[in-house]
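Q: Could you walk me through how to read the features of this model?

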Amino acid sequence: MNVSFVILANEICEKLAVVGFSTNMISYLTSQLHLPLTKAANTLTNFGGTAALTPLLGALAADAFAGRFWTILISSIIYQIGMISLTVSAVLPKLRPPPCHANEVCKEADSGQLAILYISLLLTALGSGGIRPCVVSFGADQFDESDPKQKTTTWKFFNWYYFCMGASILVAVTVLVYIQDNIGWGWGLGIPTFAMALSIVAFGFGYPLYRKLDPNGSPFTRLLQVCVAAYRKRNAPMVSDTKLLYENWELDADISIGGKLIHTENLK
């Protein structure tokens, strides 16, 4: 089994699940949970804002201690739990308000039913925060840029990666939305949930094939260290010989040429 195939298969299923899950959610909130349009829109806005911030936590976890593979896997499982929760609530009548007929006041979802919705959306936001910042960089980890043959293979991989991502999104916003509107929300949410489960299984089975780089520290931590050190040494006199300045070849290797940062007079 080729490791590129495993990552591409994972991306197809994951993107199909994520986009199919979220694209038509405003319709689900208004037609199934009978939320007012403003409340439904506000709920999805809060969900989108949370999902936009959680990648900071996911990236920090991957770079600082967990590594990209385990961050993606654990986050995918968290996302899967959120999707299962919402799918079950769409299937079981007791977990959503009763359907309303013409000329009838629709009963809005009660606090317990809304709690299931909010927990499901929170779990999916946390899960996507660990997946999104790590998938592309994890794919890049599988290739050795110093090898000329693998360098050309990298470009082919990313071409296929973005093609598969676009094709999955197209299927999600057409086929899955049609199923949700015309066949039922149980199937419409169940198919993305099943796709996400396949994504996790495919990704997990590829474990022996991956190049798993050890986490080398978060750039946020380094940035904070530089700011603290710069403030504490703001009144220190500048040395005349740059060779006397502190250097750490091991730490500088990943962010410099030849493992050594070139000193500059700028912003001294």
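Q: How far apart do the end C-alpha atoms of residues 160–179 lie, and how much of the span is helix?
A: Start with the distance between the ends of a span and its helix content, where helices are DSSP runs (H or I, at least four residues), strands are E runs of at least two, and both are numbered from the N terminus. For residues 160–179 the end C-alpha atoms are 27 Å apart, and the span is 100% helix and 0% strand. Residues 44–62 are also 100% helix and 0% strand, with end C-alpha atoms 27 Å apart. This is a predicted model with residues numbered from 1 along each chain as its sequence is written; local features need pLDDT of at least 70, and side-chain atom pairs count only at pLDDT 80 or more. Totals for chains, interfaces and linings use all residues, while side-chain values use heavy atoms, leaving out hydrogens and water.

Q: Where does UniProt place the feature "transmembrane region"?
A: UniProt positions follow the numbering used here, feature names are shortened, and annotations may be inferred rather than shown by experiment. The unreviewed entry places this feature at residues 44–62, 69–92, 112–139, 160–179 and 185–210.

Q: At what angle do the axes of α3 and α4 cross?
A: Axes are lines fitted to C-alpha atoms, for helices over the stretch in contact, and angles run from 0 to 180 degrees between N-to-C directions. The axes of α3 and α4 cross at roughly 135 degrees and come within 8 Å. That makes α3 oblique to α4; under 35 degrees counts as roughly parallel, over 145 as roughly antiparallel, 65 to 115 as roughly perpendicular, and the rest as oblique. Their crossing is right-handed, a crossing being left-handed if the near helix is turned anticlockwise from the far one by less than a right angle, and right-handed if clockwise. Contact means heavy atoms within 4.5 Å, and here Gly58, Ala61, Ala62, Asp63 and Ala66 in α3 meet Arg68, Trp70 and Thr71 in α4.

Q: How do α4 and α5 pack?
A: Their axes are 7 Å apart, at an angle of about 155 degrees. That makes α4 roughly antiparallel to α5, and the crossing of the two is left-handed. Among the α4 residues that meet α5 are Ser75, Tyr79, Gly82 and Leu86; the α5 side includes Leu117, Ser120 and Gly127.

Q: Which residues have the most contacts inside the largest nonpolar core?
A: A nonpolar core is a set of buried Ala, Val, Leu, Ile, Met, Phe, Trp, Tyr and Cys residues joined through side-chain atoms within 4.5 Å. Buried means under 20% relative accessible area, exposed over 50%, and partly exposed in between (1.4 Å probe, protein chains only). The largest core has 43 residues, and Tyr28, Leu29 and Leu117 have the most contacts inside it. The largest share of this core, seven residues, comes from α4. Apart from it lies another core of seven residues, including Cys13 and Ile179. Beyond its neighbours within four places in sequence, tyrosine 28 contacts Leu33, Leu86, Ser89, Ala90, Trp185 and Leu189.

Q: Is glutamine 180 buried or exposed?
A: Glutamine 180, in helix α7, is buried, with a relative accessible area of 3%.

Q: What phi does histidine 34 have?
A: Phi is a backbone angle to check residue by residue. Histidine 34 has a positive phi of about 60 degrees although it is not a glycine. Histidine 34 sits in the loop between α2 and α3 and is buried, with a relative accessible area of 11%.
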